[in-house]
Amino acid sequence: MKDYVGAIDQGTTSTRFMVFDKSARIVAVAQKEHEQIFPKPGWVEHDPLEILRRTEEVIAEALAQRGLRAADLAAIGITNQRETTVLWERGTGKPVANAIVWQDTRVAEDVARFAQDGGQDRFRPQTGLPLSTYFSSLKLRWLLQNVPEAQERGAAGELLFGNIDTFLLWNLTGGPQGGIHATDVTNASRTQLLKLKTLDWDEKLLATFAIPRAVLPTVRSSSEVYGEASLATIAGVPICGILGDQQAALVGQACFRPGEVKNTYGTGCFLLMNTGERLVPSNFGLLTTVAYKFGGGAVHYALEGGVAISGALVQWLRDNLGLIQKSSDVEALARTVNDNGGVYFVPAFSGLYAPYWKENARGVIAGLTRYANKGHIARAVLEATAFQTREVVEAMEKDSKIGLESLRVDGGMVVNQLLMQFQADILNREVVRPVIQETTALGAAYAAGLAVKFFTGLEELRANWAVDRTWKPNLAEAEREQLYKQWKKAIARSFDWIES
């Protein structure tokens, strides 16, 4: 009897392998970080081969913890940092360059150039996405144009493109010896090359961006058997679930009904609202994206609001300023003061995402006086995430015309009690943390388990979801709105810092 499902959770800063049982309990977990490469200001890269090594290592480590073998796993799912772009050789598996990470802004000039003809939203009707440095299309275009002979080799079928899910799937199912070159609908919807209505690559967009179709993976559902693993530690196990990390968290939070919303507090901060089979165009700065498609079932769509920098701001406080030794120290430092002391931190390190979409914004700290100290800065760092979340929630309610009753939260920052309470206060809504907080990996495990009937259906997954803690708002209306008003002033100071 195969009692477990596995999930590869390949994130921006680390890779995990988690093993779950049928009750969605964590049986084993291993995690390793990988290098963040910053060759120039605004450039962010990863070494894809290092990520592959880390993936292989954490799989072996997690299985060894419990003495598990490949035969114990019914299936493996993959969830991944989205938009991060890899281009590699079909014959060798060797990347032609480092992966360009979703936070990277090197294509800002291309964004401006393409926006001159039709504006920033010229591709929204087809893709649900504005022109931005965020998505894979312009990153792939940059690689094809800047790596010698890449354009010609891509057109000849010698090179393969994928986000990290595709790169891992291809390598884990054989690589140059017959690896499966595929992606799922959620990751495909983040390339800005997919037609949302038909779930197929858009030939006109490929021509516009000068991207040869030969480099693109096959688009599959989020839950089906793609192939069997060839890696020794998991040989023969079907790999049969793929979800981009934020969609995986939506599934892990069991947000299967229209109007249900989750927020994942990780490197960035991402809210998704399930809109069901209804494709909702955004008029208030959000993205229309694919939520999931399970096997032959109907595609479900979502509205998404992404904040580029949330947990990464805490890491910046640790690594660049040295104000804390480890990320978890930020709460204790922030609690040394009673409020933010008038200090606001706008972390527009890579520009601003939803709902502003301003590539030329940059980070600012506003409201400094001689009174301000490192405790106020730490508090402002945490509050920045909550303020940005409120901005996205307000846009989401306007677009969907659905009022948010409560916010389901997950991700690394939800252990921070000060942040969660302030989030409830500034939203004036309940914030709910589930018992199982590793919802991203869990969502991938669910997608994989559904494909092989390890899980019977969505009702079983809903039954696994349970509340761990609820934070209720406890802030006077006048104080809440004054804080938010000052935040709006601070964020306006970050606009247009980089001149075109």
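**Pockets**

A pocket here is an open set of grid points with protein on both sides within 12 Å along at least five of seven lines, and a residue lines the pocket if it has an atom within 4 Å of a point. The model is predicted.

The largest pocket has a volume of about 1100 Å³. Its lining is made up of 42 residues, and those closest to its centre are Tyr265, Gly266, Thr267, Gly411 and Gly412. Strands β2 (14-20), β3 (26-33) and β15 (261-265) each give at least two residues to this lining, as do helices α9 (245-252), α10 (311-319), α11 (330-334) and α14 (439-451). The largest share, five residues, is that of α10. Sorted by class, the lining of the largest pocket holds 22 polar, ten nonpolar and ten charged residues.

The second largest pocket has a volume of about 700 Å³. Its lining consists of 25 residues, and Phe38, Val44, Gln103, Trp316 and Phe349 are the ones nearest its centre. For the second largest pocket, too, the largest share of the lining comes from α10, with five residues. This lining has eleven polar, nine nonpolar and five charged residues.

**Aromatic contacts**

How many aromatic pairs does a search of the whole structure find? The search finds 24. Angles over 60 degrees count as edge-to-face. Phe345 has a relative accessibility of 3% and therefore counts as buried, while Phe349 is partly exposed, at 29% relative accessible area. Phe349 is also among the residues nearest the centre of the second largest pocket.

Phe387 and Trp487 form a stacked aromatic pair, with centres 5.1 Å apart and 15° between the planes. Because Phe387 belongs to helix α12 (residues 374-400) and Trp487 to helix α16 (residues 477-493), the pair ties together parts that are 100 residues apart in sequence. Phe387 and Trp487 are both buried. Elsewhere, Trp102, Tyr134, Phe135, Phe270, Tyr353 and Trp357 make up one aromatic cluster.

**Arginines over rings**

Two arginines sit over tryptophan rings. The charged end of Arg106 is placed over the ring of Trp142, at 4.5 Å from the ring centre. Arg408 lies over the face of Trp465, 3.9 Å from the centre of that ring.

**Enclosed helices**

Which residues of α6 are buried? They are Ile164, Asp165, Thr166, Phe167, Leu168, Leu169, Trp170, Asn171 and Leu172. Nine of the nine residues of helix α6 (residues 164-172) are thus buried, so the helix is largely enclosed by the rest of the structure. Just after α6, Gly174 has a positive phi of about 130°.

Helix α13 (residues 417-427) is likewise largely enclosed by the rest of the structure, because nine of its eleven residues are buried. The buried residues are Leu418, Leu419, Met420, Phe422, Gln423, Ala424, Asp425, Ile426 and Leu427. At the start of α13, Asn416 places a side-chain oxygen within 3.3 Å of the backbone nitrogen of Leu418. Just after α13, Asn428 takes a positive phi of about 60°.

Technical notes. Residues are numbered from 1 along each chain as its sequence is written. This is a predicted model: local features need pLDDT of at least 70, side-chain atom pairs count only at pLDDT 80 or more; totals for chains, interfaces and linings use all residues. Side-chain values use heavy atoms; hydrogens and water are left out. On a 1 Å grid over the protein atoms alone, a cavity is a set of points where a 1.4 Å probe fits but cannot get out, and a pocket is an open set with protein on both sides within 12 Å along at least five of seven lines; lining residues have an atom within 4 Å of a point. Grid points are joined across faces, edges and corners, and a volume is the space filled by probe spheres set on the points. Helices (H or I, at least four residues) and strands (E, at least two) are DSSP runs, numbered from the N terminus. Ala, Val, Leu, Ile, Met, Phe, Trp, Tyr, Cys and Pro count as nonpolar, Asp, Glu, Lys and Arg as charged, and the others, Gly among them, as polar. Rings of Phe, Tyr and Trp (its six-membered ring) pair if their centres lie within 6.5 Å; planes under 30 degrees apart count as stacked, over 60 as edge-to-face and the rest as tilted. Buried means under 20% relative accessible area, exposed over 50%, partly exposed in between (1.4 Å probe, protein chains only). A charge sits over a ring if NZ of Lys or CZ of Arg is within 6 Å of the ring centre and within 35 degrees of the ring normal. A polar contact is a pair of N or O atoms within 3.5 Å; within protein, one must be able to donate a hydrogen and the other to accept it, and residues adjacent in sequence count only if both atoms are side-chain atoms.
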